[in-house]
Each structure stands twice: as structure tokens, then as C-alpha cells.
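Please consider the following protein chain, read from its overall arrangement down to individual residues.

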Amino acid sequence: MWDGTSASAQAQFMEKKKLETFRKRLETRQQELRHMVVRNQQDGRTADDEATQDVADRAASSYNKEFLFSQSNNDRQLLNMVDSALARIREGSFGECVSCGKEINAKRLEAVPWTRHCIECQEKAEKGLLEAAQ
Ligand SMILES: [Zn+2]
């Protein structure tokens, strides 16, 4: 019962269960982001159509458009990351740093399941010391 074989089978089972949890979380996020991206595109068009009365209104409208634009850019970027995380689950490389291949810290994955980098590589990337992987 407690020999090495069943212990590793047990570990594998846990891994699959964990992976399944991540997959579900990522798919939910993917759906949300897809809705947001579509909605922002529609809002952007609406803001475009509105006739502006004076300079203040125009400024507010263009600020709003810019905000929506950067917002939808962020959503799109995140959506890309969620998409590729789901692809890594299918390929069996989920949880590995795309840069150095080391296992990504479990707590980090828990907090940001779509992350591509381990904490060391992420810090390097933020300092501009790492080539963008994609
Ligand atoms: Zn790394």
C-alpha cells in the first residue's frame, strides 16, 4: 500500500487533479476576457459615434476612449497569456518556466496560473535582462 509505486501513482493523480483545477480556472478566465474584449470594442465604437458638444466633452470622450483602448489591450494581452497557458496544459509543459525550464513555484502558479516565467526569470524580464519569449 505504501510502497514507492503507489506513492508515485498517487502523486501523479494529484498532479492531474491539480492540472484539471488550473485548466478550469484558466478556461473561466478565458471566457471572461473574451467577453471583456468584445464589450470594449463595442464601447469604443459607441464613444466614437457620440457627437461632442464642447472641448471639455471632447477631452472627456477622448480620455474615455484611450482608457478603453489601454484596458482592452491589457485584456487582450492577458487573454493571450491565458490561451498559451491552456496550450501548455495540453502539451504537458504547464508549470515550467518557458525561459529556464525550471518548475514554477506552486504559490506563484496559484496566484497567476497564466504566468510563463519562474520568479527569477520574471525579475530578469522586468529589468529588461531577458529576451521576450514570445
Ligand atoms: Zn525561469
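The secondary structure of the protein chain consists of four helices and zero strands, where helices (H or I, at least four residues) and strands (E, at least two) are DSSP runs numbered from the N terminus. Read from the N terminus, the order of the elements is α-α-α-α. The model is a predicted one, in which local features need pLDDT of at least 70, side-chain atom pairs count only at pLDDT 80 or more, and totals for chains, interfaces and linings use all residues. Residue numbers start from 1 along each chain as its sequence is written.

Confidence is expressed as pLDDT, the predictor's confidence in each residue, from 0 to 100. The protein chain has an average pLDDT of 84, and 84% of the residues score at least 70. Among its elements, the lowest mean pLDDT (82) belongs to helix 1 (residues 4–49), and the highest (94) to helix 3 (residues 106–111). Where pLDDT is low, the predicted coordinates should not be read in detail.

Burial is assigned by counting the other C-beta atoms within 10 Å of a residue's own: 20 or more make it buried, 12 or fewer exposed, and counts in between partly exposed, with C-beta atoms placed from the backbone. By this criterion, 13% of the 134 residues of the protein chain are buried. Two residues are in contact if their C-beta atoms, placed from the backbone, lie within 7 Å. Among contacts between residues at least 6 apart in sequence, 56% join residues at least 24 apart.

A nonpolar core is a set of buried Ala, Val, Leu, Ile, Met, Phe, Trp, Tyr and Cys residues joined through C-beta atoms within 7 Å. The largest such core has seven residues, namely F22, L26, L33, V82, A85, F94 and W114. Helix 1 and helix 2 each supply at least two residues of this core, and helix 1 gives the most, with three residues.

V82 counts as buried because it has 22 C-beta neighbours inside 10 Å. Leaving aside neighbours within four places in sequence, V82 contacts L26, R29, Q30, L33 and W114. The C-alpha atoms of V82 and V112 are separated by 9.8 Å, the two residues being 30 residues apart along the chain.

K124 belongs to helix 4 (residues 119–126). This residue counts as partly exposed because K124 has 16 C-beta neighbours inside 10 Å. With neighbours within four places in sequence set aside, K124 is in contact with L129 and L130.
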